[in-house]
Amino acid sequence: MLIYHISYGSEKNLHVDVRKLVKSTYFDYSITMAIKVEVDNREIWVVNMEDKKNLITVRVEDGEMEEVKNLQKSL
């Protein structure tokens with residue numbers, strides 16, 4: 001049986017080090033949602049961001065960040 005916990009929040013709910021990691025690469029983007037997934041003693045953050053032209057989703061676990069989605073907004 002898989003047991004997990006999901007918490008939804010905003011930029012203010014991110015751990016400081018997760019926020020610093022994300023903002024070090026995506027400094028011009030606004031963080032629109034932060035999702036924390038806790039499963040099997042793991043803490044995984046899914047962070048949604050946007051700027052004027054793009055929507056980006058990254059996954060952060062153990063100090064490693066991976067871009068999982070990058071979409072262009074239609075104008």
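The model is predicted: local features need pLDDT of at least 70, side-chain atom pairs count only at pLDDT 80 or more, and totals for chains, interfaces and linings use all residues. Residues are numbered from 1 along each chain as its sequence is written, and side-chain values use heavy atoms, with hydrogens and water left out.

Start at K36. This residue lies in strand β2, residues 30-39 (strands are DSSP runs of E, at least two residues, numbered from the N terminus). K36 has a relative accessible area of 18%, so it counts as buried (buried means under 20% relative accessible area, exposed over 50%, partly exposed in between, with a 1.4 Å probe and protein chains only). What does K36 touch, leaving aside its neighbours within four places in sequence? Its contacts are H5, I6, S7, E43, I44 and W45 (contact means heavy atoms within 4.5 Å).

Now turn to the surface. L2, Y4, I6, Y8 and M33 form a nonpolar patch there. Together they have about 540 Å² of accessible area, computed by the Shrake-Rupley method with a 1.4 Å probe, where for residues only the protein chains shown count as cover. Patch members have over 30% relative accessible area and no salt bridge; nonpolar side chains (Val, Leu, Ile, Met, Phe, Trp, Tyr) are joined within 5 Å, like charges within 9 Å. Strand β1, residues 4-9, gives the largest share of the patch, 3 residues. L2 sits in the segment before β1. Its relative accessibility is 56%, so L2 is exposed.

The salt bridges come next. A salt bridge is a side-chain nitrogen of Lys or Arg within 4 Å of a carboxyl oxygen of Asp or Glu. The count by this rule is 5. One of them pairs R42 with E61 at 2.7 Å, N to O. R42 lies in strand β3 (residues 42-50) and E61 in strand β4 (residues 54-61), so this pair ties together parts 19 residues apart in sequence. R42 is partly exposed at 37%, whereas E61 is buried at 13%.

E61 also meets R59 in a salt bridge, again 2.7 Å, N to O. R59 is partly exposed, at 27% relative accessibility. Through shared partners, salt bridges join R42, R59 and E61 into one network.

Another bridge links E50 and K73, at 2.7 Å, N to O. E50 is in strand β3 and K73 in the segment after β5 (64-72), so the pair ties together parts 23 residues apart in sequence. E50 is partly exposed at 28%, and K73 is partly exposed at 28%.

Terms used:
Helix = DSSP H or I, 4+ residues; strand = E, 2+ residues; numbered from the N terminus.
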